[in-house]
Amino acid sequence: MLDFAAQIEFLKQHSSYAQRWLNSRPEWVDWLESQGACKVDIPGIRGLLAPCQDALAIPEQNEAQFMADLRLARQRLMLWIAFRDLNGLADLSEVTQALSHFAEEVVALSIAYIRADLQRRFGLPWSSVTGSEMPLMVVGMGKLGGLELNLSSDIDLIFLYEHEGDTEDGPKSLSYHEWFTRMGKRLIKLLAEHDANGFVFRVDMRLRPNGDSGPLACSLDMLEEYLLVQGREWERYAWIKGRLIAPTPDSPAFTYCERELNQLIRPFVYRRHLDYGVIASIRELHAQIQHEAEKRSSNHHGRSRDIKLGRGGIREIEFLAQMFQLMRGGTDPRFRIRPTLEVLELVKQQGILPANEVDDLKAAYVYLRRLEHRIQVWEDQQTHYLPEDEGARTRLATSMVGPDCVEEKAAFLSKLDKHQMAVAQYFEKAFVLDDSARLDNTSLPAGWKPDNSIFPESAARWLAWADSSKQRQLPEKSRIIFNNLIRKAADSLQVDQPTAISADQTLLRFFDMLEAVARRSAYLSILSEYPQALSNVLALLKASQWGAEYLTRHPHLLDYLLNSRTEKALIEHPEQYWQEVKATLEMRLDDVMADGDGSEQAMDILRITHHTETFITLLADLGIGVDHELSVEKVSDHLSALADLILETSLERIWPSVVKKFGLPTDAKAPFAVISYGKLGGKELGYASDLDLVFLYQAEETDFAAQEIYALLAKRMINWLTAYTSAGSLFEIDTRLRPNGSAGFLVTNANAFKRYQLREGDNSAWVWEHQALTRARCSAGSKSVGKFFDDVRFEVLSQKRDIDQLRHEILEMRRKVHAGHPNPTTDFDLKHDAGGMVDIEFIVQFLVLAFSNTHPQLIGNLGNIALLRIAGEAGLIQTSIAQEVGDAYRLLRARQHRLRLDGAEKTRVDLGLEPQLVRAREVVLSLWQEVFLAPSDA
């Protein structure tokens, strides 16, 4: 480490600005000696501004002195930061945050200073909403908003106030608009006017509504109308960084002002869906900025390389970060942050870009920002041009490595080239600047249509589309993209024709999907910008009609066809995956429910989450983007885990509204559980399965208020789960398995449930209800109620039974089920016909009810295949038969699953074409006969 004298010398060598000030104010050298080793923080900044703070307490204002104190504080801050930065004592965040916090402090002090004068002369504006003084709301935009100011930044500000009115309690009255306009003008003067001590900040007001031609200060109503009617695409990017800097966070008015502002800005900046339209928009804005930068450079000697706006510059990194924010911030609140480096780190954490690319971008950003500061600190000038003078470049090379090191100019330029080349490469890749990688978006040749010999139905559909009013109503750009996508899909299918269904059928499915999204340009953008997305869409459409229809209903899922990182995470680390899904869901729900009820938006978020996770499971199921397809058991595991998550989250979010309704303590816990039966209970859920649910609660049986409370909770849950909202629906819910079915109470007291199941009293469970209990479990709610249910289930299933009577009753029930699902065809119904899946399920249920008393290992809700194996090991059936029937069940489920994915309503097959299924059916019929001593369909 160099001594202080060497450090001061290094500062002077690399900043003629610092040299001038230290020569004119030699006492500041002593101050730097004591202060230079200290981090520049908010207490230190306030110490510099102490004379300005003191001036607020003096009744007689001396504006010239106040301005001088502000400017001298600024010069000392600049020297402090430059000293620490150049000597390697401060990192980038210290530099940018210190400058940004200083800007906030001087804005707050200046407002307080001006307010005192305006109050004496005109009184104060008053909020009719809060019943308190109405503050000037100052929004810091750009680098100030992101806490990223550089050493010679302008500050971009917008002045707002709550509503119109007239001031009171002063000698004269002004309209609020005039009062805040006067405050704004004086604020700009205090900060930007030059005097003998320089200036504090240049102030740029051009980001306000209507720019230079708009009013200096505007009301929130005016801002809202402007954004709705005139807000332009580039203003969305600008407002990403917008941050309320006055009133200050410790002010009583801050929370209210910030909330009111966010309610206007958030829907303008962030779309409720993934917004891929921003890619083309930012690409066009970047081209304009680069063109302007090149024009400026060519007109000024010595300005050939702009490290901010030129190729591979700071702006390209910022645009990259903003692209992901605009694209994803509407659906993921984590992207609504402001600092560029934090956004890039989030992009890395989410796996959106490869970690090495993000690390390169972050390193380049830090390097370019540090270089920017060294260019600017030389003369305290707002410039981003690398000087062409050799001496200046040598000086910059030295300043970049600090006083303890030496770097040659050539090595410095090589490092700079490396960083800028990396940025340019990643920028071009993200924004698809390579025209050959994007869809050709020129009009199709006249008369083009799909090849009639390969696409007969699609060709007819194309001609009908070309002549339709739907096509004519589309914007020209969307129409061209639509047409080119059809051509691209036809070309692709012609080369790589599917085997399971015809190329023509696949193209027709693609038509259906495109027509559903044609009015949403953002969805068309995904397919036109990313060839991989189009390729994966076609793979999905070939593989599954159900998947094709699902994607058509929920086009926001197109994003998940861009890469396969999510499916891989689901397959490789399922526990961690579901924890992250839960955390993200909770964060999004917190976001919409923070300012009130928000239940409608919460219901939409649950649906979107369910659609998303169902679709990711589907992609893994079909083998799209992963090495191996998921087994049907794994698919059901994932879908069941998802249903459990939705049930648990719904319960957690609804309970507080019930607490409020009945005036319960806010920390009251619900002794309430959701018991799942059937497919969900057995973790065999399919893509479109109903949920069979029973609701239990614990309370004294004479506590009728509890019955009312938990009945409302259950009703609200059912509404959340079944209501059709703008985002679609979640599940069909069946509650008929509760005690006494549809005639019973919607919610059941746990003790009454126990007596009912154990047949203690006149009102008791039937055998088929005990069959259902074999695959029931607690899916959500109170752990203690869930444990109570498990104990009841164990006690019921382990009862000693009359085996002949049990066999008779289950056989009768099987025959009723069979009669309820007649099959008039000669095809084999995989589920309901004799030798099918229902037979296997009834066999397992009989074995559990008949023998759990002596073989308690059968009580576990382990699934049919595992229970067959356990029954074989216990000697209840032959081990080899148990294995064969288990394999048959797996085969039948897998075959049923594929038929459902292909859109089949009835899962029936011609056994003549499937010898493997013939053998499977035979082993099932054989075991059925052995167990029940009679056919199931007699």
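This is a predicted model: local features need pLDDT of at least 70, side-chain atom pairs count only at pLDDT 80 or more; totals for chains, interfaces and linings use all residues.
1. On the voids: the structure has three cavities of 30 Å³ or more. Among the lining residues are Glu684, Arg775 and Glu841, along with Val844, Val848 and Leu867.

2. Where does the largest share of that lining come from? It comes from α36, with four residues. Both α36 (837-851) and α37 (864-873) give at least two residues each to the lining of the largest cavity.

3. The second largest cavity comes in at about 50 Å³. Around this cavity you'll find Arg74, Leu99, the run of Asn150, Leu151, Ser152 and Ser153, and then Phe199, Val200, Phe201 and Arg202. That makes five nonpolar, three polar and two charged residues.

4. Worth a look in the backbone: alanine 246 and proline 247 are joined by a cis peptide bond, with omega at about 0°. Proline 247 sits in the loop between β5 (243-246) and α12 (254-269).

5. Aspartate 380 isn't a glycine, yet its phi is positive, near 50°. You'll find aspartate 380 in the loop between α16 (355-377) and α17 (390-401). Its relative accessible area is 13%, so aspartate 380 is buried.

6. Leucine 933 also has a positive phi, near 60°, and belongs to the segment after α39 (915-932). Is leucine 933 buried or exposed? Its relative accessibility is 57%, so leucine 933 counts as exposed.

Note on methods:
Residues are numbered from 1 along each chain as its sequence is written. Side-chain values use heavy atoms; hydrogens and water are left out. On a 1 Å grid over the protein atoms alone, a cavity is a set of points where a 1.4 Å probe fits but cannot get out, and a pocket is an open set with protein on both sides within 12 Å along at least five of seven lines; lining residues have an atom within 4 Å of a point. Grid points are joined across faces, edges and corners, and a volume is the space filled by probe spheres set on the points. Ala, Val, Leu, Ile, Met, Phe, Trp, Tyr, Cys and Pro count as nonpolar, Asp, Glu, Lys and Arg as charged, and the others, Gly among them, as polar. Buried means under 20% relative accessible area, exposed over 50%, partly exposed in between (1.4 Å probe, protein chains only).
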